[in-house]
Structure formats: structure tokens, C-alpha cells
Amino acid sequence: MPTPENISDFERLQTAVDAAGVGTWEFDPLTGELLWSKRCKELFGASPEALINYQRFLEGLHPDDRAATDAVVQQALDPAGNGEYDIEYRTIGLEDKKLRWVHATGRAFFDQGRTRAVRFIGTVTDVTETRRRDLHLGRLLESDLIGIVFWNLDTQRITEANNAFLSIVGYSREDLQAGHISWKQMTPPELEALEASVIKELEQTGVQRPYEKMYIRKDGTRVPVLLGGALAEPGGRDGVSFCLDLTAQKEVEAQLATREAEFRFVIEFLPQMIWLTDPQGYHTFFNQRWIDYTGYDVAQSRGTQMWNDLLHPDDQQRSRDRWNHSLTTGEFYEIEYRFKAKDGTYHWFLGQAMPVKDEAGNITQWFGSCTDIDEQKRTEATLRWSQERYELASLATNDAIWDWDLNTQAVSWNAAITRIFGYAPEAVEQTAQWWYNHIHPDDAERIVHGIHEIIDGGGKSWHDEYRYQRADGSYAQVLDRGYIAHDAKGNATRMIGAMQDITEYRKAETALRQREEEFTTLADNMAQLAWMSQPDGHIYWYNQRWYDFTGTTLEEMQGWGWEKVHHPAHVEQVVAFVQAAWSAGEPWELTFPLRGKDGNYRWFLTRAVPMRNAQGQLVRWLGTNTDITEQKQLQEQLERSYADLEAKIMFRTLDLEHQVQELQRRLAEATK
């Protein structure tokens, strides 16, 4: 007990302890009297007036902690021990029934003979929030929803990581425990400058803003990732980062970009003038061939009249009537007419258009082409064709991490909920109902029923896709995943998860499907037979025109199966030619007959163009087969006519020479 001489020091000490939120206690082992400070009673959920003894102290402990705590107390009071007391336990409020984590320390004092304890004093400190944070972080690590990694700036080594991160970089937990994982070793040389700037920012601000980089995996391959993190404490050297594997997104983006470039190349590569109209015939698009030939750009050419004004006066009304008929009936449009070039001359063109229809059979647009047949009118027709389109992808985004207490229905979010969906921090309510209320009405019942079915059924994980409302009222398409934690009795107590915005990824998928449908319509309705092969000439795709003409299937024709429809008298020469052409890697053309499904042969002009990637490597061949049978027959007919004429002239000349010789003979006889 304090004496009059040191009462002021005691009061000062008590004031400091109270200000620090530390509770004090004193226990008399001889009388059983237990004295608690006001703060100590608060940590046991008791009122300031409550009477406390050792039995009440034990009653205020969590049932699972009573025996262990009592054993530590008895050990401290044992004269054979050192009298030290240090333990963490849970309290269940004696009156408010709240669960708290408490760190208790103390010391026992013994009589002079050290035969028994005469005094036991100590302190208690509330560590509830620390234990909750540790618990939440541990569950997040165990969930493996995203990669989580702990590191040290000085050693540049990974000190701890969850399985998701180890899977991303291809290392094992044994590698981690042996200290073999260093982010410096996993960083490509060309990204060292970027890494240095990120570390500098981290040292200055304590925060590592999300950024994209590459990691070199253990097997030497590279993996694109999105990283973001922070120092554990200001000025410290230890920190934690979140890591998201961007491989799938990057593949979709690369494929989308490649197919977009190839599609544009295909459209501009075609030797035809390509155009599109709406269902009423209003022209909305022309390719570069149109601009180069007519001298008019797209803006000048849009509408319903410009194209007709460029036709030969004798063809204008006929073409207009035929086009109006197709617009009215939906029938395939085909006509031959003369178009005026920018130099004032006219060329013959074959105009064709096919209606593009939706699933309900309604025309959504017309896809048309104008093929220059000026030479074909006299000698031959030329057309080339190639194809490929692009697809989406994904869009990387930070995940909105949520933690749901299934007992209280309280939900906590990380800062991404405001960054991704635009909500102000104060607008985000910490309740499950707030989450429910922002699910799209058409999805809400399915999602709520599905997640509770998993929880109530004892499941450990859940995932689903739905629409979630942003702060501006619009909806984002999200992929939501969660991990369910259970207590010792198997009851679901908490769920932690991550919500990812995949809106742009889904839009990209939809756009890709639409473009593939448009491409399929283009390829299957062009007038030529078209095909595509690998660099070595292995053909793996034909358009529908090929199958319609030959009556074959892809299984029959792929690879070198096309030899089956070649004329026996020409196939050996054709095979030898194309084998040399594949190896040369240059554009080529060749004329030969192909057998139709009716058994008859028709002559085709085949042209092929090599497709190369950005590095100049040959990646595929694009080819077309244009039917030139009529032109071939015309040429043969002309050649026969020329031969007959030359024979007649020769015979006539010989006859005249014979007559002249006879006249000369008679004249000579008459003059004798």
C-alpha cells in the first residue's frame, strides 16, 4: 500500500496507467481478496461498483481459457517458481457478455521464508483489435484468393507468401523456407529501372501503388502480374504486397489486338471495294480501295445517292431498280455495271451484296463488294481473299476485398470498394444488407439464395457472377468469390472474399463474338472459294463456297486433302508447284481445274499471299480460287478461230499462187 511519503508518486503512476488504458489488479492469496481498477473491470465487462473475487474472475474468462489461466496463476503463486505471470486469454463480459482478448502480466511476492505467496499484483491490456487483425490477415492468407507476399527491402527477399503467390511464380514452400526467393532475381533486367523507382516511392510514401510488371518464374518463363502493397510501418523495411496473375488478361488482350489488326488488314487486303449499308440502303462504310479508285473519302461517299451518281449513265437506272428490289425483298444483290474512276475512265465491276440477319431473321445491315471485272470482260477476273478477326479481353482490376461476420451480419470492405465502384467512404455501410441492396434486381434472388445455400450447407467456398451497382447508378459485371470459416462445432462464422470488376472483359467477349459472326458471314458469302493454311501448306480452313462447290467436308480436305478434287492430268504439276511456292514464301498464282460435286471440272485462278507477324516470320497463307471457266473457254474459242483463219488464208494464198503460175504459162505459150 502507498505511504504518505510516496502517495504523490503512486497517484502519478496510477494516472499514467489509466491514461494508457491499462488495468491494474491486486490479489491477496491469504484472504482471497481481489482488487480491480476501473479499467480492469471494463475489460471484464463489469460495472465500477461490481464486487470481484477470484471465483468471479474465473467466471469472466472464456470457458476454453479458464483451466489454462488458472494453472498459470497457480504456477506463479508456487514458491518453487519464479513468481512471473504472463498470459493472453479471452474474457466474456460478466455483465455486457462481449468477447475481448486480454494480455495479463504480474508478479507474486512471497514471505521471507519463501513458503507461501503473500501478494500478487499485475496489469491487463486490451489486445482485441490486434488479435482480430491477425485473425483476418491469417484467413486472407489461407483463402488463396489472390497472391499475398511479405518482403524485406534490405535483403530483397520474400519472407512469407501464401500458396496463391507461390503458384504464380512457380516456387515451392520449401524454396520459400530456404530463403531462395528474391524479387530482384525474379525481376527481368529491363524492368530494374522501374523496380528502383517503385522502391524509391515506397520508401518515401510507405505505399506501393498498383502497377504492372513481369516476374521470371522458377522454370525461366515469365508471368505478367499486378502488384500493390505497403510498408508494415512508416520508415520500416518490412512490407506486404498483393499480387494478381494477369496471364489470362494479357492473352485476351494480345489475341484481341492481333485479330483486330488482321481483320483490318484483311479488309484492306481484298482487291475489291467493300461497303456496308443499314437495312434501308444508307451507305455507312467504304474501304480504302473505294477511296483510291473513286477519289472520294468515306464522309463524301456516305448516303444513298453518291454511288449511283458514279455509275455510267446507261447503268444508273438499271442498277437503282435492282438495288431497290433487293432492299424490298431481302434477296441477294448481284449486277454488272460500269463505275467511273477518279481519272474519268469507266471500269466494269461485279456488284454483290448479302443481307446480314439477326437470330430473328431481321436484316441488320448489308455487306457488299464491287469486284473489278474489266479485264475479265476481255480476258480474266481477279479476286483475292483472306480472313481473321480479333477477340477480347480482360481487364485487370483491383479486387474489392470484403469480410463478413456471419453472426453479426457486419461486413467490412477494403478501400477498393470506393476506388472501383465510386462510392464515398461514408456511403459504404458495414452491413450485409447494403451489399444485397446494390445487386441488380434481376440477379439479387439468385445470388443471395446461392450464397446462403453454400453457407447453410457447410460449404467452404463460393463464387458467382452478377451485376453490381456503382455509385453513379450504372452496373458493373463482377466476379465474386468467397471463403467460409467455421468454428470448432462446424458452424459458419465468417466469410472473406474478393469482388472483381470484369465488365470490360465481358464487353470484349461480346464484341469478339459479334465480329466473328460478321467475319463468318463475309467469308461464307463471298463469290470466291477461299482457304487458309499453315506456313508449310497444311490447309486447315475453307469457306462455305468451297464446300458448296466441291461437296466435301473439312475432314476430307484439311492438310493435302485438296488433291482429291484436282484433275488427274494436272495434280502432279500442281503439287510440285505449290511445294516450291510454300518454301519460297512469296505471293504466287496458278491456274488449274477443280472437280465440282456434280463431277464436272471448272477452271480456277488461284492466288495466295503470305501473312507475316511483326518479326517478319511467315505465320499462315491466305488464298482464293476464282472461277475463270467462261474466260478460259472464250480464250480457247478465240485461239481456235485464229487457227482456222490462218489455215484458210494459207490455202487461199496457195490457190492464188497456182492460178498466177497457170496464167503465166498460158501467156508464155501465146507469145511464142
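How many helices and how many strands does the protein have? The protein has 23 helices and 25 strands, where helices (H or I, at least four residues) and strands (E, at least two) are DSSP runs numbered from the N terminus.

The model is predicted: local features need pLDDT of at least 70 and side-chain atom pairs count only at pLDDT 80 or more, while totals for chains, interfaces and linings use all residues. Residues are numbered from 1 along each chain as its sequence is written, and side-chain values use heavy atoms, with hydrogens and water left out.

**Overall figures**

Of the 672 residues in the protein, 43% are buried; buried means under 20% relative accessible area, exposed over 50%, and partly exposed in between (1.4 Å probe, protein chains only). The accessible surface comes to about 36,100 Å², and 51% of it belongs to carbon and sulfur atoms. These areas come from the Shrake-Rupley method with a 1.4 Å probe.

**The sheet of E16 to E20**

An open, antiparallel sheet is formed by five strands in the order E17-E16-E20-E19-E18. Strands E17 (410–413) and E18 (461–469) stand at its edges with a single partner strand each, so one side of each has no neighbour in the sheet. On average, neighbouring strands are turned by 25 degrees against each other, direction ignored.

Strand E16 (residues 400–405) pairs with E17 over four bridges in the antiparallel sense; two strands pair if DSSP finds at least two bridges between them. Trp404 has Val411 of E17 as its bridge partner, and Trp402 stands opposite Trp413.

Helix H18 (residues 441–456) lies across E16, E18, strand E19 (475–486) and strand E20 (492–501), and runs at about 160 degrees to E18. Such angles run from 0 to 180 degrees between N-to-C directions, with axes fitted to C-alpha atoms, for helices over the stretch in contact. The buried residues of H18 are Asp443, Ala444, Ile447, Gly450, Ile451 and Ile455. Seen down the helix axis, they fall within an arc of 155 degrees and so line one face of H18; the arc is that of the directions from the axis to the C-beta atoms. They pack against E16, helix H17 (432–437), E18, E19 and E20. On the other side of H18, Asp442, Glu445, His449, Glu453 and Asp456 are exposed.

**Helix H14 and strand E11**

In helix H14, Asp315, Ser319, Arg320, Trp323 and Ser326 are buried. The buried residues of H14 pack against E11, helix H13 (306–309), strand E13 (333–340), strand E14 (346–357) and strand E15 (363–372). Thr277 is found in strand E11 (residues 273–277) and counts as buried at 2% relative accessibility. Beyond its neighbours within four places in sequence, Thr277 is in contact (heavy atoms within 4.5 Å) with Tyr282, His283, Thr284, Trp323, Gln365 and Trp366.

**The two helices side by side**

The expected span is 1.5 Å times one less than the number of residues.

| Helix | Residues | Span between end C-alpha atoms | Expected span |
|---|---|---|---|
| H18 | 16 residues | 23 Å | 22 Å |

Just after H18, Gly458 takes a positive phi of about 80 degrees; H14 is followed by Gly330, with a positive phi near 80 degrees.
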